Amino acid sequence: MPSMNPDHTQWFYEDLVLKPMSAESAVDAITQLGTLLQKGGFVKETFIPAVIQREQEFSTGLPTAEVGVAIPHTDVEHVLREAIAVGVLDKPVDFGEMGNPGNNVPVQIICLLAVAKSEMMVKILQSLVEMFQTPGVLKQIIQAKDAFEIVDIFRQHCQTE
Amino acid sequence: MVSEKRVLVACGTAIATATVVAEKVKEIAKEAGIPVSVIQCKSAETRGRAMVFKPHVIVATTTVPQDLGVPVINGVPFLSGIGIDAVKAQILEVLRKEE
């Protein structure tokens, strides 16, 4: 069970990182990561189906300069406490491309966002987007050796305070 | 005196990616010295909002109707980092147009 420091807004936990990860599809990947969030008490049972449904309607695959990333998420009502589950796939899976329906992006890094307040959504998203655009960081994540290293990279680059 | 331009930013929920993109649009316009008024909406509300707000341009991170008589620009490059310069140029071109 991930530890929780009540004084500090924490988004990343070692127990919520899957690396290595293998998935057959975007739905499979979302289900695996969503299960971690659910077991950790971060989200309600309605979270995973809500994310999958939203992903079909508004895809979140982003083709970046280095590695395809996806940021699946859903409404705050399905979330109990904020966290981001991170999956780093050995082999990419296809996600629909954001803003470009019908197009797929091979995604290797998945950040499944559990956001409890909508104003936090914007902050975390801005922070993530900036991180994705920082040269070398996504490659660093792919090459990280374990969950601890990945959490460390995210915490360094993704500050919302 | 440059007249104020209206930009409608649309995304799936109106609060997440639209906010990120809206701030980028404001930044670009400010740098270029063009006064803008930027509002956000859900993609499903685009048609109604566009009729009332009469934007000069729509910047979207999801699909929106293309038949509103307003140029629609894909705002996803602000999120992915790919093609940011091109999309900035596109937006500025529209904002600089005389009415």
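User: Let's begin with the two chains. How many residues of chain B are in contact with chain A?

Analyst: There are 21 residues of chain B in contact with 17 residues of chain A. Keep in mind that this is a predicted model.

User: What area is buried between them, and what share of it do carbon and sulfur atoms give?

Analyst: About 1,600 Å² is buried between chain B and chain A, and carbon and sulfur atoms give 69% of that area.

User: Which elements of chain B supply the side that touches chain A?

Analyst: Helices α1 (17–31) and α3 (77–80) of chain B each supply at least two residues of that side.

User: Where does Pro63(A) lie?

Analyst: Pro63(A) is in the loop between β2 (61–62) and β3 (69–70) of chain A. Pro63(A) is partly exposed, with a relative accessible area of 26%.

User: And one from chain B?

Analyst: Take Ser43(B), which lies in the loop between β2 (36–42) and α2 of chain B. Ser43(B) touches Phe58(A) in chain A, and its contacts within chain B include Ala10(B), Cys11(B) and Gly12(B).

User: Is Ser43(B) buried or exposed?

Analyst: Ser43(B) counts as buried, because its relative accessibility is 9% and the cut-off for buried is under 20%.

User: What does the side chain of Ser43(B) make a polar contact with?

Analyst: With the side chain of Thr62(B), at 3.3 Å. Thr62(B) is also listed among the residues that Ser43(B) touches, as are Thr63(B) and Val64(B).

User: Changing topic: how many salt bridges are there over all chains?

Analyst: The search of the whole structure finds 2. In chain A, the side chains of Lys145(A) and Glu149(A) meet in a salt bridge, 2.9 Å from N to O. In chain B, Asp67(B) forms a salt bridge with Arg47(B), with the closest N and O atoms 3.1 Å apart.

User: Which parts of chain B does the pair of Asp67(B) and Arg47(B) tie together?

Analyst: Asp67(B) lies in the loop between β3 (57–60) and β4 (72–74), and Arg47(B) in helix α2 (residues 46–53), so the pair ties together parts that are 20 residues apart in sequence.

User: Are these residues buried or exposed?

Analyst: Lys145(A) counts as exposed at 68% relative accessibility, and Glu149(A) is partly exposed at 28%.

User: What about aromatic pairs? How many turn up over all chains?

Analyst: The search finds 2. One of them is the tilted pair of Tyr13(A) and Phe42(A), at 5.2 Å centre to centre with 50° between the planes.

User: Why does that pair tie together separate parts of chain A?

Analyst: Tyr13(A) lies in the segment before β1 (17–21), whereas Phe42(A) is in the loop between α1 (26–39) and α2 (47–57), so the pair links parts that are 29 residues apart in sequence. Tyr13(A) and Phe42(A) are both buried.

User: What sits over the ring of Phe42(A)?

Analyst: The charged end of Arg81(A) does, 4.4 Å from the ring centre.

User: Back to chain B. What is Leu95(B) in contact with?

Analyst: Apart from neighbours within four places in sequence, Leu95(B) is in contact with Lys5(B), Val7(B), Ala29(B), Ile34(B), Val36(B) and Val57(B). Leu95(B) lies in helix α4 (residues 84–96) of chain B and counts as buried at 1% relative accessibility.

User: Last topic, the backbone. Which residues does a cis peptide bond join?

Analyst: It joins Lys19(A) and Pro20(A), with omega about 5°. Pro20(A) is in strand β1 of chain A.

User: And what is phi of Lys54(B) near?

Analyst: It is near 50°, a positive value in a residue other than glycine. Lys54(B) is found in the loop between α2 and β3 of chain B, and Lys54(B) is exposed with a relative accessible area of 52%.

Technical notes:
Residues numbered from 1 in each chain as written. Chains lettered and ligands numbered in written order. Predicted model: local features only at pLDDT ≥ 70, side-chain atom pairs only at ≥ 80, totals over all residues. Heavy atoms only, no water. Phe/Tyr/Trp six-rings, centres within 6.5 Å; stacked < 30°, edge-to-face > 60°. Helix = DSSP H or I, 4+ residues; strand = E, 2+ residues; numbered from the N terminus. Buried < 20%, exposed > 50% of the residue type's maximum accessible area, 1.4 Å probe, protein only. Lys NZ or Arg CZ within 6 Å of the ring centre and 35° of its normal. Contact = heavy atoms within 4.5 Å. Buried area = accessible area lost by both parts, 1.4 Å probe. Salt bridge = Lys/Arg side-chain N within 4 Å of Asp/Glu carboxyl O. Polar contact = N/O pair within 3.5 Å; in protein donor to acceptor, adjacent residues only side chain to side chain.
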